[in-house]
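Please read them with the coordinates open.

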Amino acid sequence: MLMPILSGLIVSVDALFIGFSLGLQQKCKFWYIHVIHVFMLALCVAGFFAAGQIYHLIPVDPDYIVGFAFIGLGIWTIAHYFVFEYIKRRRGTPDKVDVSLKTIVLVGIVMSTEAMLITMGITLIFLPHSTIIIPLTVVLAHFVYSAATFNLARTDKIRQIPATLTHVISGSALIIYGLMAIFVDLDDLFM
């Protein structure tokens, strides 16, 4: 029971940086965070039940699928940032561009979809001992992390974390979790 909860907390670390990023946007209101997480809860619960249905249809060990998916997501998170930064510099776009409401909605959809995939991954790893606590932990961790950093970003006392660092940490957390899913046998570790 402890490992699915720890897994949900670990792989939700990217929400720290998403909350920080949203907090720096003047157009983003705190109640947007609530709306995003209600949508996320619905997707995570759906992902939990979908994972239980597809588990027996997967012809290989689900740990490999989950591991490589998280590694790919982590690499994409880091690479996407650097490609986006390169394009922004080539166009001469200023660093402090306030995003539109449409962009904030898109971030919420992407964050919710990613949380659903995280829920499915954790569920596949821990089946048949998975419980509804997995999607609840993922959503709660995302909410707490993003709400805390959203509010911190709005204070004058907080020094701005370089965006490069936030994306590298977020992507690295996903890569590490993917490597753990592939190479660490959690049953042997905690039994």
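**Notes on the model**

1. Cysteine 44 is buried, at a relative accessible area of 0%. Buried means under 20% relative accessible area, exposed over 50%, and partly exposed in between (1.4 Å probe, protein chains only). Cysteine 28 is also buried, at 1%. The whole structure has 0 disulfides, a disulfide being a pair of cysteine sulfur atoms within 2.5 Å.

2. Some ground rules. This is a predicted model, where local features need pLDDT of at least 70, side-chain atom pairs count only at pLDDT 80 or more, and totals for chains, interfaces and linings use all residues. Residues are numbered from 1 along each chain as its sequence is written, and side-chain values use heavy atoms, with hydrogens and water left out.

3. The chain has 8 helices and 0 strands. Helices (H or I, at least four residues) and strands (E, at least two) are DSSP runs, numbered from the N terminus. Of the 191 residues in the chain, 42% are buried. Among contacts with a separation of 6 or more, 92% join residues 24 or more positions apart. Contact means heavy atoms within 4.5 Å.

4. The largest nonpolar core holds 33 residues. Such a core is a set of buried Ala, Val, Leu, Ile, Met, Phe, Trp, Tyr and Cys residues joined through side-chain atoms within 4.5 Å. Leu22, Met40, Phe70, Ile122 and Tyr177 have the most contacts inside it. Among the elements giving two or more residues are α2 (14-23), α3 (30-54) and α7 (163-183). α5 gives the most, with 10 residues. Leaving aside residues up to four places away in sequence, Met40 touches Met111, Ser112, Ala115, Val139 and His142.

5. α4 has 30 residues and reaches 42 Å from first C-alpha to last, close to the 44 Å expected. The expected span is 1.5 Å times one less than the number of residues. Its buried residues include Phe70, Gly74, Tyr81, Glu85 and Lys88. Glycine 92 follows α4, with a positive phi near 75 degrees.

6. The count of aromatic pairs is 3. Rings of Phe, Tyr and Trp (its six-membered ring) pair if their centres lie within 6.5 Å; planes under 30 degrees apart are stacked, over 60 edge-to-face, the rest tilted. Tryptophan 31 and tyrosine 32 are edge-to-face, at 4.6 Å centre to centre and 80 degrees between the planes. Tryptophan 31 is exposed at 53%, whereas tyrosine 32 is buried at 15%. Phenylalanine 48 and phenylalanine 49 are also edge-to-face, at 5.1 Å and 75 degrees. Phenylalanine 48 is buried at 11%; phenylalanine 49 is partly exposed at 49%.
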